[in-house]
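Visitor: I would like to take a close look at one single part of this protein before we turn to the rest. Please walk me through that part and then set it in its wider context.

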Amino acid sequence: MAQASEPLTKLDISQSTGWKKIASGKVREIFQIDQDSLLFVATDRISAYDYIMENGIPSKGALLTQLSAHWFQLIQSKYTSLRTHLISMSLPRDTPADLQSTLSRRSMLVRRHDLIPLESIVRGYITGSAWSEYRKSGTVHGMQVPAGMQESQRFEGGAIWTPSTKAEQGEHDENISKAKAIEIVGEEVAKKIEQVSLEIYKMAHDYALPRGIIIADTKLEFGIDKTTGEIILVDEVLTPDSSRFWPADKYEVGKGQDSYDKQYLRDYLTKTNNKRTGVTIPEEVVRETARKYQEAYEKLTGNAWGQ
């Protein structure tokens with residue numbers, strides 16, 4: 001088992017715990033605790049362009065988990081009618097003693113729900129794949145947006161909902177239109193997800209801005225309660241892995257932005273033409289990525305990392 005100072009990139013604890021591993025994602029390992037609950041364990045793996053890197057970022061999984069917990073608390077305090085999958089940040093009572101330090105801070109005990117097969121992306125600013133599409137066709141996810149926009153410019157009419165498919169492991173998500181999203185999940189579910197996602201983004205953007213961070217965009221995921229039909233907020237939320245965080249004091253329209261998220265890693269992979277799986281990240285990229293994640297955490301929570 002990795003020591004605290006080493007990135008935790010592999011985790012196989014089913015034999016020692018009796019918990020069945022039911023999924024292994026780019027970052028998270030998911031174990032079934034009982035019929036109704038799961039343990040989400042965030043490793044220190046990092047991915048970019050849907051490829052998993054060979055080495056990880058020290059303490060990244062714990063930081064993502066603690067930041068998600070911060071946002072879940074804020075969201076629940078403001079949207080009491082919106083349920084989330086979070087049960088507890090505590091480990092299951094039967095966690096073996098020798099695993100508690102490994103799993104602590106990087107684990108969430110959550111309710112099990114059926115996933116809705118969409119990535120719910122909200123964009124407040126035009127960047128990334130949206131900017132690439134706009135330069136070619138003047139559209140974003142097939143939707144017309146105002147002409148004459150510049151890179152990193154804020155959408156004047158407010159943030160827009162731009163869903164994508166939720167790809168299987170090893171496949172790539174595909175940007176889709178609202179109409180295609182409705183075809184996949186139905187009009188009622190699509191409209192509810194759009195409404196909730198836009199509300200969460202606005203709250204988070206307004207919260208982060210005076211703390212020195214612009215949330216340019218974010219990706220949310222939802223499940224559905226089969227018994228009640230309610231939409232449930234699941235997975236991680238508003239982390240540097242699922243969002244673009246920009247330093248507010250360096251923001252300038254018309255160019256790409258400095259970033260607190262894994263854009264630094266993406267830029268390295270693009271520069272070195274290394275968009276593939278199994279890339280070993282140089283130590284300097286590891287250190288700088290870790291620093292950016294930590295700084296984002298501290299600005300957003302007001303807490304020093306590690307305390």
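Guide: His 141 is buried, with a relative accessible area of 4%, which puts this residue below the 20% under which a residue counts as buried. The model is a predicted one, and in this model His 141 is found in the loop between β11, residues 139-140, and β12, residues 143-144.

Asn 273 is found in the loop between α7 (263-271) and α8 (283-301), and with a relative accessible area of 71% it is exposed, whereas His 141 is buried. Exposed here requires a relative accessible area over 50%, a cut-off that the 71% of Asn 273 passes.

Another buried position is Leu 8, which has a relative accessible area of 3% and lies in the segment before α1, residues 14-17. The C-alpha atom of Leu 8 is separated by 7.3 Å from that of Pro 58, although the two residues are 50 apart along the chain.

Among the helices, α2 runs over residues 60-78, and its 19 residues reach 27 Å from the first C-alpha to the last, close to the 27 Å expected at 1.5 Å a residue. This helix is mostly covered, with 15 of its 19 residues buried.

To place these parts in the whole, the protein contains 8 helices and 17 strands. Its radius of gyration is 19 Å, close to the 19 Å that the globule rule gives for 307 residues, so the protein is as compact as a globular protein of that length. Along the principal axes, the C-alpha trace spans about 60 × 50 × 35 Å. Of the 307 residues, 49% count as buried, and His 141 and Leu 8 are buried residues. Where contacts join residues at least 6 apart in sequence, 64% of them link residues at least 24 apart.

As for the surface, the accessible area of the protein comes to about 14,800 Å², and 45% of it belongs to carbon and sulfur atoms. The charged side chains number 39 positive and 42 negative, and the centres of these two sets lie 2 Å apart.

Conventions:
Residues are numbered from 1 along each chain as its sequence is written. This is a predicted model: local features need pLDDT of at least 70, side-chain atom pairs count only at pLDDT 80 or more; totals for chains, interfaces and linings use all residues. Side-chain values use heavy atoms; hydrogens and water are left out. Helices (H or I, at least four residues) and strands (E, at least two) are DSSP runs, numbered from the N terminus. The radius of gyration is taken over C-alpha atoms; the globule rule is 2.2 Å times the number of residues to the power 0.38. Buried means under 20% relative accessible area, exposed over 50%, partly exposed in between (1.4 Å probe, protein chains only). Contact means heavy atoms within 4.5 Å. Accessible areas come from the Shrake-Rupley method with a 1.4 Å probe; for residues, only the protein chains shown count as cover. Lys and Arg count as positive and Asp and Glu as negative; His and the chain ends are not counted. The place of a charge is taken as NZ of Lys, CZ of Arg, CG of Asp or CD of Glu. The expected span of a helix is 1.5 Å times one less than its number of residues.
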